[in-house]
Amino acid sequence: MQQIAVAITCLALSWSAFAQEVWKKIDSGVTVELRGLSVVNRHVAWASGAKGTVLRTVDGESWENVSIANKMPEAAALDFRDIQGIDKFTAIAMSAGPGKASTIYKTVDGGANWELMTVNGDASGFWDAIDFWDAQNGVIFGDPINGQFQVLITHDGGKTWQNAARDLNQLKALANEGAFAASGTCIAVYGKQDVWFATGGAEKTRVFHSADRGQTWSVAETAIPAAAPPKGLFSVAFSNGQTGFAVGGDYQKAKGETLNAVVSHDGGKTWNANPALPMGFLSVVMAVPGQSDTFVVGGLAGSGFTNDAGKTWEVLGDTPLNALGFADALHGWAVGPKGLVMKYAGKRLAK
């Protein structure tokens, strides 16, 4: 723990040397909390949030309101914490909430129309995030039901969902363990089979991993502090099958000095403390496509990046945000409170 404290102190001393703001704010036309973001390519991205809100850009600059609530007024009561963009016409949005407040909607015409695909049928369920390996194969991750995390798989683009695990005991949760629907990134997929999810709230923080699309699972502990409802891991991302980061902290302490990031170099079997800049609470980490060692982090503390798998970090800005994503080393967006949408306007994020 002493080594972690020293590392955090060094990061604090280096903050002023790197601090800059490289995000350009864009008028989103909405004022709701935005938490879901999916970047399809340098021109196309989707965002989602409270009150049935969905936004889309197809030119990389302007965003249009294609909210589910525009066509289906009942969706105005739903909080869409995550969204998966497939292309400029197709997206799958997930709302988070207890029981039937967790839903999946899909559009295939750019948001002109939406179809309700499925609803969480368990009253004690609460979906936290979705991710897709490809247009047909995806996964839902939710808080424990009867003491076991909920992991559902689709093989038909979201029309139907089934329990993934062969042995639900492999998804057994600790007392008070759960996940955070803060950015839609507490679950992450890679390649054609791998999937990870990160937890918090319990005595220990953990990352679960499956190498066969959720059929079998292993789990590893991390050094991120938890043992309280607002603390733990909030996001996980891998740039390849081996190198990944998980980030978090205490969402009630935006500028806290506790450990906020851990790194794995063995596909999630083990995790080592690796404090990230900016110091404080981080709700999202994303790997930059095409760059095996480049990761971007963000949260209420601001945003930062590493291009050497965490050996060094630079601050990108101090604007509080909820989620971010990149198409490549130059093109990315971030979303956050009060309808915040920002476009990355900084240097190339690569070695």
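V207 stands opposite A220 in β17. The model is predicted, and local features need pLDDT of at least 70, side-chain atom pairs counting only at pLDDT 80 or more, whereas totals for chains, interfaces and linings use all residues. Residues are numbered from 1 along each chain as its sequence is written, and side-chain values use heavy atoms, with hydrogens and water left out.

β16 (residues 205-210) pairs with β17 in the antiparallel sense over five bridges; strands are DSSP runs of E of at least two residues, numbered from the N terminus, and two of them pair if DSSP finds at least two bridges between them. Both belong to an open sheet of four strands in the order β14-β15-β16-β17, with antiparallel pairing. At the edges are β14 (187-190) and β17 (218-222), each with a single partner strand, so one side of each has no neighbour in the sheet. Neighbouring strands here are turned by 20° against each other on average, direction ignored, with axes being lines fitted to C-alpha atoms.

The largest nonpolar core has 19 residues, and V139, F141, V151, L171, F197 and W217 have the most contacts inside it. Such a core is a set of buried Ala, Val, Leu, Ile, Met, Phe, Trp, Tyr and Cys residues joined through side-chain atoms within 4.5 Å, where buried means under 20% relative accessible area (1.4 Å probe, protein chains only). β11 (138-145), β12 (148-154), β14 and β15 (194-198) each supply at least two residues of this core, and β12 gives the most, with three. A second, separate core of 17 residues includes V288, F305, Y344 and A350.

Notes. Axes are lines fitted to C-alpha atoms, for helices over the stretch in contact, and angles run from 0 to 180 degrees between N-to-C directions. Buried means under 20% relative accessible area, exposed over 50%, partly exposed in between (1.4 Å probe, protein chains only).
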